[in-house]
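Hello,

Here is the structure I promised to pass on. Please open it beside this email and follow along as you read.

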Amino acid sequence: MSLTPVPAEDPGTWRCLLQRDGAQVPGGDGAGKGETAAARVGAVFEALEHHLSHEIPWADAVTLRSPHEVAAGLLAHDAGLALLAEGPDTPLACLTYRSARDERELAVPAFFSNPQYLSQPQDHRSALGDGYDYRRVGRYSLTSGWAAGTTTAEAMVHAINEIIERDAMSLLLIRQFLHLAPPPLKVLDTTTLPAELARLHEAVQRRIGGPVFLLEMTTDLGVPACWAYHPAPPGQAARVRGCGASLSRHHAIERALTELIQLHSAQSLPGKPATPVHTTPYPSLHRCYLADFSSRLATAEQVPFTDEPVPATPEGHQEALLDRLTALGLTAWVWKRYESDHAVVLNVHIPGLERFLVVTDGQLVLPGPRGHATRTETAN
């Protein structure tokens with residue numbers, strides 16, 4: 001295992017590469033952010049998460065299900081999975097998830113939160129009995145809800161917060177760029193930030209050499225969510241961004257700011273091959289891809305920083321998050337990839353919450369029912 005700073009700043013970013021017999025293990029590349037100690041630990045856990053989510057023993061893990069039956073159940077609320085009802089009823093590989101609060105089970109297509117499954121050769125999938133044609137639904141695949149922790153509760157909190165964060169990002173994009181009458185953007189008044197966050201905000205702006213706006217994007221779930229927005233050059237997508245969600249607004253903002261540093265630092269690393277942008281012919285979706293909030297800042301509503309007491313333990317956080325989901329009729333379903341006395345890696349799926357943010361990768365996707373309801377709601 002190697003740990004290196006990217007660069008050596010505090011707060012900053014650290015990179016971890018997992019190795020076996022002198023060679024990097026598949027997917028074993030992770031980054032951590034924040035103060036040095038936390039960033040180093042975070043990098044190790046993310047590298048472990050990436051490796052184990054990349055190297056899944058598919059033959060032992062998957063079960064075959066009818067795509068029409070899958071799409072007719074709880075998963076009909078997910079835009080990509082609802083499309084399964086319109087295609088051939090060819091069996092496809094699923095993973096068996098369990099409710100976070102009882103013994104119920106739910107079959108979730110393996111591709112949905114595992115893009116690497118789609119990268120498997122067709123003959124590998126066929127050997128599993130999966131002959132489904134993923135060309136229409138594959139663009140909805142997203143590594144969402146994966147998390148690692150020292151305990152199940154810790155990993156669950158990370159995973160649920162990530163899903164809530166991405167739901168909030170999706171709804172913000174929909175409200176601002178697909179809404180029939182876009183409501184005013186909400187921006188946190190940085191003069192009201194606690195001293196520690198104010199210092200971090202200033203440090204981030206110095207580091208990236210430009211302004212950072214803290215977009216307030218908390219949804220009806222009531223879990224504080226923030227988007228640290230740095231305007232991109234005209235015509236370019238705002239890809240250097242940071243987002244966070246947590247019962248603690250302080251932590252949500254800290255996560256958003258340190259993630260912005262992480263993505264800014266990552267620009268110095270060897271880049272991944274550019275992916276095609278499919279949204280260009282569709283102006284509304286292309287605005288979502290660009291995520292350019294600049295023109296909305298002048299009329300934005302300034303909101304003060306507020307926070308509330310939060311549970312003191314990961315178990316308390318988990319129960320509070322599950323309570324908020326239950327109040328809206330939502331269920332967190334869990335698939336454990338790995339568990340030991342010292343580490344847990346798992347994936348969580350919450351049917352009904354939005355994953356439309358994949359549009360910012362240039363994918364031609366549409367919102368699900370939750371996003372459509374947001375798009376047509378009455379603006380305040």
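One definition before we start: an axis here is a line fitted to C-alpha atoms, and angles run from 0 to 180 degrees between N-to-C directions. Please keep in mind that this is a predicted model.

Helix H1 (residues 36–54) lies across S1, S2 and S3. It runs at about 145 degrees to S3. Those three strands form an open sheet in the order S1-S2-S3, with antiparallel pairing. Strand S1 (2–5) and S3 stand at the edges. Each has a single partner strand, so one side of each is left without a neighbour in the sheet. From one strand to the next, the twist averages 20 degrees.

Strands of a sheet pair through backbone hydrogen bonds, either parallel or antiparallel. Between S2 and S3 there are 8 bridges, and the two run antiparallel. To find the pairing on screen, look for threonine 13, which stands opposite lysine 33 in S3.

Now look at the loop between strand S2 (12–20) and strand S3 (23–34), where aspartate 21 lies. Its phi is near 55 degrees, a positive value in a residue other than glycine. Most residues other than glycine have a negative phi. Aspartate 21 counts as exposed because its relative accessibility is 79%.

**Strand S5 and its partners**

Which strands pair with S5? Strand S4 (residues 63–65) is one of them, joined to S5 by 3 antiparallel bridges. Here threonine 63 stands opposite cysteine 94 in S5. Strand S6 (residues 105–109) is another, antiparallel to S5 over 5 bridges. Cysteine 94 also stands opposite proline 109 in S6. S5 and S6 make a hairpin, with 5 residues between them. Then comes strand S13 (residues 333–339), which pairs with S5 in the antiparallel sense over 2 bridges. There, serine 99 stands opposite tryptophan 333.

Strand S5 (residues 92–99) has 6 of its 8 residues buried, so it is largely enclosed by the rest of the structure.

**Helices H7 and H12**

Helix H7 (residues 152–177) and helix H12 (residues 369–376) have axes that come within 9 Å. They cross at roughly 35 degrees. The crossing is right-handed. Asp167, Leu171, Ile174 and Arg175 in H7 meet Arg370, Gly371, Thr374 and Arg375 in H12. These contact residues divide into 2 nonpolar, 2 polar and 4 charged.

An α-helix has 3.6 residues a turn, so residues three or four places apart point the same way.

Take aspartate 167, which sits in helix H7. Is it buried or exposed? Aspartate 167 counts as buried, because its relative accessibility is 0%. Leaving aside neighbours within four places in sequence, aspartate 167 is in contact with Thr219, Leu221, Leu353, Glu354 and Arg370.

**Valine 358**

Valine 358 is found in the loop between strand S14 (344–349) and H12. With a relative accessible area of 4%, valine 358 is buried. Not counting residues up to four places away in sequence, valine 358 touches Arg139, Ser141, Leu142, Gln363 and Val365.

**Helix H10 and what follows**

The buried residues of H10 are Leu285, His286, Cys288, Tyr289 and Leu290. What covers them includes H7. After H10 comes alanine 291, whose phi is positive, near 50 degrees. Alanine 291 is in the loop between helix H10 (283–290) and strand S12 (301–303). At 0% relative accessibility, alanine 291 counts as buried.

**Cysteines**

A disulfide is a covalent bond between the sulfur atoms of two cysteines. How many disulfides are there? The count, for cysteine sulfur atoms within 2.5 Å, comes to 0 disulfides. Cysteine 243 is in no disulfide, and the nearest cysteine sulfur, that of cysteine 226, is 7.6 Å away. Cysteine 243 is buried, with a relative accessible area of 0%.

Best wishes

Note on methods:
Residues are numbered from 1 along each chain as its sequence is written. This is a predicted model: local features need pLDDT of at least 70, side-chain atom pairs count only at pLDDT 80 or more; totals for chains, interfaces and linings use all residues. Side-chain values use heavy atoms; hydrogens and water are left out. Buried means under 20% relative accessible area, exposed over 50%, partly exposed in between (1.4 Å probe, protein chains only). Helices (H or I, at least four residues) and strands (E, at least two) are DSSP runs, numbered from the N terminus. A crossing is left-handed if the near helix is turned anticlockwise from the far one by less than a right angle, and right-handed if clockwise. Contact means heavy atoms within 4.5 Å. Ala, Val, Leu, Ile, Met, Phe, Trp, Tyr, Cys and Pro count as nonpolar, Asp, Glu, Lys and Arg as charged, and the others, Gly among them, as polar. Two strands pair if DSSP finds at least two bridges between them.
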